[in-house]
Amino acid sequence: ALALSRRVEIMMTDADQRYGTIVGKGDKMRAVMTTARHAANSNVTVLVLGETGTGKEVIARAVHRWSSRASKSFMIVNCAALPEHLLENELFGHEKGAYTGAMCRDMGKIEAADGGTVFLDEIGDMPLALQTRLLRLLQEQEFQRVGGHRNVRVDVRFIAATNKDLRAKVQDGSFREDLFFRLNVLPIQLPPLRQRKEDIPGLAEYFLHSSVVTPGKRGVSLTEEAREALTAYDWPGNVRELENVIARALVLCDGATITGDHLGLPIAGLLPAASLEHSDPSGLSYREAMRSYSCRLITDALRKTGWNQTKAAGVLGLQRTYLTKLLRQRGMTGRPPTLRE
């Protein structure tokens with residue numbers, strides 16, 4: 001029992017390290033955090049929306065941690081990870097003799113989280129039959145264990161998350177409309193990483209120095225070239241992909257600095273496809289290709305914004321001062337070309 005208690009304590013500590021910090025100083029993430037703090041001060045159901053890897057569990061844990069339920073359990077149920085009968089048992093538990101092998105009563109995660117929070121991840125993949133049971137639970141705050149006939153009352157706060165379009169699933173009949181409205185009381189939309197590039201340097205530094213990534217490896221820094229590559233990349237896998245890229249770079253890096261080569265980002269992912277159609281990077285080194293492409297990106301952004309460097313920095317997801325630094329490094333004036341008479 002002592003060993004099991006210690007293992008649970010270690011797992012909770014690891015979870016706090018992995019999910020306990022929200023990195024993001026841009027306007028989009030500040031808005032998300034403001035909504036999350038308002039949510040934490042209430043008991044309403046929260047629906048966290050966003051692409052895979054955007055940090056939906058991080059936000060869910062933050063809402064729980066900032067709420068009056070913080071001292072109670074935070075239970076996670078992945079609605080896409082289990083077949084229907086196992087998911088039902090995971091949620092609601094079972095009575096003794098409910099099925100073959102059910103030798104004793106076992107509480108599900110909802111009952112175990114009494115007083116705390118249940119995080120229903122991938123809610124868009126929950127089978128319709130279980131959606132009906134969940135809807136009743138949300139309405140009545142009570143349920144029956146599998147094989148049971150007695151109502152079990154609970155005081156649980158629910159946070160759901162999905163990367164699916166629930167409105168579209170309602171339209172095609174695969175998600176109950178009444179359950180959608182029950183869950184969508186307070187939606188929190190997480191932006192993809194490509195739409196908040198101003199947060200990439202801070203996230204990279206966080207993962208670089210996080211003990212969760214590579215324990216025992218300290219004092220490693222990113223070169224300017226690596227920072228540019230991280231900011232230019234489109235990140236289809238979002239924050240999770242960034243974490244994995246930094247972890248891989250730490251493994252491949254023998255010295256104290258991580259270069260663009262350690263990151264292993266594909267050149268094609270650093271630019272819109274249209275930019276690649278008019279160039280041939282095959283004869284360039286990674287560094288030369290990066291420099292050439294970044295010059296083109298900067299020029300395109302400046303042209304689109306009427307050569308307003310502040311607006312161009314916003315388009316590129318960069319700080320205004322960092323854009324000025326890039327212009328200086330590349331020998332660019334940041335002004336429109338003059339016509340020669």
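This protein has 16 helices and nine strands. Helices here are DSSP runs of H or I with at least four residues, strands are runs of E with at least two, and both are numbered from the N terminus. You're looking at a predicted model, where local features need pLDDT of at least 70, side-chain atom pairs count only at pLDDT 80 or more, and totals for chains, interfaces and linings use all residues. Residues are numbered from 1 along each chain as its sequence is written, and side-chain values use heavy atoms, with hydrogens and water left out.

**The whole protein**

Of the 341 residues, 45% count as buried. Buried means under 20% relative accessible area, exposed means over 50%, and partly exposed is in between (1.4 Å probe, protein chains only). The accessible surface comes to about 17,900 Å², and 52% of that belongs to carbon and sulfur atoms. Those areas come from the Shrake-Rupley method with a 1.4 Å probe; for residues, only the protein chains shown count as cover.

Now for contacts, meaning heavy atoms within 4.5 Å. Take the contacts with a separation of 6 or more: 71% of them are between residues 24 or more positions apart.

In soluble globular proteins, nonpolar side chains tend to be buried together. A nonpolar core is a set of buried Ala, Val, Leu, Ile, Met, Phe, Trp, Tyr and Cys residues joined through side-chain atoms within 4.5 Å. The largest core has 30 residues, and Ile-110, Leu-120, Ile-123, Leu-134 and Phe-158 touch the most other members. Several elements supply at least two residues each, including β1 (46-49), β3 (117-121) and α6 (128-140). The most comes from α6, which gives five residues.

Helix α3 (residues 56-66) is largely enclosed by the rest of the structure, because nine of its 11 residues are buried. Among them are Lys-56, Glu-57, Arg-61 and His-64.

In helix α16 (residues 320-329), the buried residues are Tyr-322, Leu-323, Leu-326 and Leu-327. Seen down the axis of α16, they fall within an arc of 145° (taken from the directions from the helix axis to the C-beta atoms), so they line one face of the helix. An α-helix has 3.6 residues a turn, so residues three or four places apart point the same way. On the other side of α16, Thr-321 and Arg-328 are exposed. After α16 comes Gly-331, whose phi is positive, near 70°.

**The loop between α14 and α15**

Thr-305 lies in the loop between α14 (286-304) and α15 (309-316), and Asn-308 is in that loop too. Thr-305 contacts Lys-311, Ala-312 and Val-315, leaving aside neighbours within four places in sequence. Asn-308 is 26 residues from Gly-334 in sequence, yet their C-alpha atoms are 8.5 Å apart.

| Side chain | Backbone atom | Distance |
|---|---|---|
| Thr-305 | oxygen of Ala-301 | 2.8 Å |
| Asn-308 | nitrogen of Lys-311 | 3.0 Å |

Thr-305 counts as buried, at 18% relative accessibility, whereas Asn-308 is partly exposed, with a relative accessible area of 29%.

Conventions:
A polar contact is a pair of N or O atoms within 3.5 Å; within protein, one must be able to donate a hydrogen and the other to accept it, and residues adjacent in sequence count only if both atoms are side-chain atoms.
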